[in-house]
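Please prepare a briefing on the structure shown below, covering its charged pairs, its strands and its helix.

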Amino acid sequence: MAETLKATKREKTGKIANRNLRRDGKIPAVLYGEGKDVVHLELCAEQFDAIVRHGVKDITLEGDVSESVVMREVQWDTFGTEVLHVDFYRAGK
């Protein structure tokens, strides 16, 4: 079962920009795969936490990017309580 997650493109990347995103309740993410360009995204932390709690790996992104993706990697803080970054891979059809 695929969950839906709102994703918006982000222009700024890097340590400071990502730190500011997290402070605002967002999570930096990246979408790659299938020979297409890499897309830098931001996600709502509350929405993403709900998806992680349910153990869903197949996700449908909507918003600036509308694609079916697979959660490839989730990077957590030292204590394993806060998501720092998410990698998505485009799901092949």
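A salt bridge is counted here when a side-chain nitrogen of Lys or Arg lies within 4 Å of a carboxyl oxygen of Asp or Glu, and by this rule the count comes to two. The model is a predicted one, in which local features need pLDDT of at least 70 and side-chain atom pairs count only at pLDDT 80 or more, whereas totals for chains, interfaces and linings use all residues. Residues are numbered from 1 along each chain as its sequence is written, and side-chain values use heavy atoms, with hydrogens and water left out.

**Salt bridges**

- The side chains of R90 and E67 form a salt bridge with an N to O distance of 3.0 Å.
- Because R90 belongs to strand β6 (residues 83–90) and E67 to strand β5 (residues 67–76), this pair ties together parts that are 23 residues apart in sequence; strands are DSSP runs of E with at least two residues, helices are runs of H or I with at least four, and both are numbered from the N terminus.
- R90 is buried, with a relative accessible area of 3%, while E67 counts as partly exposed at 21%; buried means under 20% relative accessible area, exposed over 50%, and partly exposed in between, using a 1.4 Å probe and protein chains only.
- A salt bridge also links the side chains of D24 and R23, at 3.9 Å from N to O, and both of these residues are exposed.

**Barrel**

- Six strands close into a barrel in the order β1-β3-β2-β6-β5-β4, with mixed pairing, where two strands pair if DSSP finds at least two bridges between them.
- From one strand to the next, the twist averages 45 degrees, with axes taken as lines fitted to C-alpha atoms, for helices over the stretch in contact, and angles running from 0 to 180 degrees between N-to-C directions.
- Strand β1 (residues 3–9) runs antiparallel to β3 and is joined to it by three bridges, and K9 stands opposite L41 in β3.
- Helix α1 packs on the sheet, where it touches β2, β3 and β6, and its direction makes about 125 degrees with that of β2; contact means heavy atoms within 4.5 Å.

**Helix α1**

- In α1 (residues 15–23), the buried residues are A17, N18 and L21.
- Seen down the axis of α1, these buried residues fall within an arc of 95 degrees, so they line one face of the helix, the arc being that of the directions from the helix axis to the C-beta atoms.
- The buried residues of α1 pack against β2 (26–32) and β3 (39–44), whereas the face turned away from the buried side carries the exposed residues K15, I16 and R23.
- G25, which follows α1, has a positive phi near 85 degrees.
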